[in-house]
Amino acid sequence: MSSVTAGHVPPTTHDHDHDHAHHGPEKGWRRWVFATNHKDIGTMYLVFSLAMLLEGGVLALLLRTELFAPGLQFFQPELFNQFTTMHGLIMIFGSIMPAFVGFANWMIPLQIGASDMAFARMNNFSFWLLPIGAILFTTSFFVPGGANAAGWTMYAPLSLQMGPGMDFTIFAVHILGASSIMGAINIIVTILNMRAPGMTLMKMPLFCWTWLITAYLLLAIMPVLAAAVTMLLTDRHFGTAFFNAAAGGDPVLYQHIFWFFGHPEVYVMILPAFGIISSVVPAFSRKPLFGYASMVYATAAIAILSFLVWAHHMFATGMSTTSQLYFMYATMLISIPTGVKVFNWVATMWRGSLTFETPMLFAIGFIFVFTIGGFTGLILSVAPVDIQVHDTYYVIAHFHYVMVAGSLFGMYSGAYYWLPKWTGVMYDEKLGRMHFWSSMISFNITFFPMHFLGLAGMPRRYADYAAQFTDFNMVATIGAFWFGLSQLIFIWLVIKAARKIGEPAPAQPWEGATGLEWTVPSPAPFHTFETPPVVK
Amino acid sequence: MPGGPQVNQLNLHRGVTQIASDIMDLHSFLLVICTLIFIGVFGVMVYSIVKHRKSKGAVPATFHENVGVEIAWTVIPFLIIISMAVPATRAVVAMKDTSNADLTVLVTGYQWKWGYEYLDGPAQGVKFLANLSTPRDQIDGKAPKSDTYLIETDRHLVVPVNKKVRVVLTANDVIHSWMVPQFGVKQDAMPGVLRETWFRATKAGTYRGQCAELCGKDHAFMPIVVEVMEQADYEKWATEQRQALQAAADDPTKTYELEELRARGEKVYAANCIACHQANGQGLPNTFPALAGNEKVVLAPMKEQIEVILNGRPGTAMAPFRDLLNDVEIAAVATYTRHAWGNNGKGPDPIVQPSDVTALR
């Protein structure tokens, strides 16, 4: 795939000048509200998800503030529970998922040589649903009883006790789910139908492959989540009893439905990052990706297995011995294709010609910390050990190693890699490296001690804890504030790049990068590949 | 803290059951394998980072696949996983075997306390609630925190040493989870569902755990304390408990004086109502209604109040107390709320008698 070159890039001049006027961006707010251009919509997705990252991050810092010392100092438990819940929901549905759709919007057409996404108006609609979801999430703090405090998992029957804030969450999840489904349809249709001549599936950059598979996951799981929260809604208001045992329902049913969505959801949030890393590592190793085909098969294997392991989130819920053994074995198997990916990245670096610009630093950082999260995942898959650490800080450490150090670092790697293409200027390399090292160190200071807390038995979602856990919590809080402040460097760099401050970027700013996106000028013009390139 | 977490503890608890000990060994085994793989993989990567730098004049190779290597790093991990699965399977089967128990205890999760009931053995029929006993002043930072901060309860589950104790779990309102790390036990307690687990503690002592499933506001404030006693001590304790049970039996047909009901009601309130409705009867705005000056229920005819206490308010956190409190206790707590916090018995029916509750039950 990485040997792909554009055979001939046709000139982008237009024959009829009167048409040309209609092809440029609209002026002022109309450009954004009525946007149908994949690049503009991609930009909006990315800016939106960055804003939500900040909101979710502030909630995380409020949590860490209360947890700095034992005792209740700042927030009563009912408010604390709202913070934990909304931190999770906002980060997952508001930040990570939209950010990857933003990357997809920008890069998939550029990488496959398409002029735009397949359904431009639906693309606009799927973006503009997001702010509505965000408003519902945010304003739910101010309704009587406050926001949803039942955890992002919204387990019944606790979620049935919540006030109207829960209904806000339910509607927000419906809306954001609809947005994800539309985004997924758009990506599938674009990739399957709009590839440039000669761009066979097995020549596509891996980012397109991982997103194609992710989009199928989204199509399969978002309706399941919508069903789960709709049942909560009717249980809450319309007298049904899906999850009420006293009336013949079953609270365990909710968990099965939720995790049938929830486990593939984990891969929705990490597979696109795998794709980004698989572009960045070869570029800065100046060497083609090792095992392209096995990367594609491993991604597909992970996606298929993700539908078969959901109940490993429920070992403490209780199930028969055979079910428990089955879910344990199936979950352990996932580490094999995941391991293949890590081995391939390392083999790509082996005997390359490495340089360490910021995208590569984040990619290497990603592999390093994601692997730690992968290993704790393997340890958690072993049911007897899981019983000891289930619902403790060990799990918190595990999924932040894969979601922050995985998804977020993957996105930073991609953002630095493509920022010159998006804005036309190079970012400040020195500040970029500072952002990396500061984030990497503070991330580990925040989350590594949580492994110890979990092994010692500190339960998660606690507003207050036994005094024996104090020291590691203090360390984690200090690390969290350091990590939070480190992200301001990134925001500063993005603002600078958006205002075109910096050295002008050439069409191909990275020596070893390959792919169609580097054949168009930087910044990428409003319209690209109006005549499809021919891929040899 | 013996029986609870150590200060800055780094690893799992060795524990006092075979299961807990096996889990710790299993975890160490997994951790060693993972660490070795980690060192191997990142050793190669670090070597690359040091030696294959462009700045050192490294010229990139062009290879991009190798079927032999790729098969090897798929098959070898598979074999490693099998080596992990074997001891794990053994542990799962042992943990799931609740047969041939010497003693069965029913554990019920409530918002926010645990209820224990002995279903067989010398203490059969003994049942009680265990509430957090850490004083509020410690939580609010007005008093120094003790060693057992948030991991101490007023009553303990008492079991004999070296006996297989089967724990049957359910819940009254939402899902809770009964966790005692020293036993290697964690099992969710769910309303309308019965689940079971077991432990055999090999050493007498006091062991502590906490609720491990988010259950609302006071999730962090419903710890678990289990006291493991020598068999003789356990039997002595059981006898005392059964005698106390008989002595304390309430007579719901008797007519009680106001002062008796108020004094009893204050205790019932402190054990069952105070978490939501608060010590000052003000509740929490928009979440838990105030009882002080409450004209709809408390300062109104008693029928509504008795029914709310008996049946709860579906769709809210107000749970039914029908099975939790007897008629005397319900009458006492209703009477107490009608006189406390300036309510002063102003409304109709200032005194509720147990027979009034019996009539509505």
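Welcome! In chain B, five strands make up an open sheet with mixed pairing, in the order E3-E2-E1-E5-E8; strands here are DSSP runs (E) of at least two residues, helices are DSSP runs (H or I) of at least four, and both are numbered from the N terminus. Two strands count as paired if DSSP finds at least two bridges between them. The model is a predicted one, in which local features need pLDDT of at least 70, side-chain atom pairs count only at pLDDT 80 or more, and totals for chains, interfaces and linings use all residues. Residues are numbered from 1 along each chain as its sequence is written, while chains are lettered from A and ligands numbered from 1 in the order in which they are written.

**The five-strand sheet of chain B**

- Strand E3 (127-130) and strand E8 (195-199) of chain B are the edge strands, and each of them pairs on one side only.
- From one strand to the next, the twist averages 25 degrees; axes are lines fitted to C-alpha atoms, for helices over the stretch in contact, and angles run from 0 to 180 degrees between N-to-C directions.
- Strand E5 (residues 165-171) of chain B runs antiparallel to E8(B), and five bridges join them.
- Within this pair, Leu169(B) stands opposite Arg195(B) of E8(B).

**The three-strand sheet of chain B**

- Another open sheet of chain B holds three strands in the order E4-E10-E9, again with mixed pairing.
- Strand E4 (157-160) and strand E9 (205-209) of chain B are at the edges with a single partner strand each, so one side of each has no neighbour in the sheet.
- On average, neighbouring strands of this sheet are turned by 25 degrees against each other, direction ignored.
- E9(B) pairs with strand E10 (residues 224-229) of chain B in the antiparallel sense, over five bridges.
- Look for Gly205(B), whose bridge partner in E10(B) is Val228(B).
- Helix H4 (residues 231-247) of chain B lies across E4 and E10 of chain B, and H4(B) runs at about 135 degrees to E4(B).

**Chain B as a whole**

- Chain B contains nine helices and 10 strands.
- Its radius of gyration is 28 Å, well over the 21 Å that the globule rule gives for 361 residues, so chain B is more spread out than a compact globule. The radius is taken over C-alpha atoms, and the rule is 2.2 Å times the number of residues to the power 0.38.
- The C-alpha trace of chain B spans about 95 × 50 × 40 Å along its principal axes.
- Of the 361 residues in chain B, 42% are buried; a residue is buried if 20 or more other C-beta atoms lie within 10 Å of its own, exposed if 12 or fewer, and partly exposed in between, with C-beta atoms placed from the backbone.
- Among contacts in chain B between residues at least 6 apart in sequence, 66% join residues at least 24 apart; a contact means that the C-beta atoms of two residues, placed from the backbone, lie within 7 Å.

**Chain A as a whole**

- Chain A has 17 helices and zero strands.
- The radius of gyration of chain A is 23 Å, in agreement with the value near 24 Å that a compact globule of 536 residues would have.
- Taken along the principal axes, the C-alpha atoms of chain A fill a box of roughly 70 × 50 × 45 Å.
- Buried residues account for 62% of the 536 residues of chain A.
- Of the contacts in chain A with a separation of 6 or more, 83% are between residues 24 or more positions apart.

**Where the chains meet**

- In chain B, 83 residues are in contact with 79 residues of chain A.
- H2(B) gives the most to the side of chain B that touches chain A, with 15 residues.
- That side of chain B divides into 46 nonpolar, 24 polar and 13 charged residues. Here Ala, Val, Leu, Ile, Met, Phe, Trp, Tyr, Cys and Pro count as nonpolar, Asp, Glu, Lys and Arg as charged, and the others, Gly among them, as polar.

**Backbone details**

- The peptide bond from Ala156(A) to Pro157(A) is cis, with omega near 5 degrees.
- Asn8(B), which is not a glycine, has a positive phi near 55 degrees.
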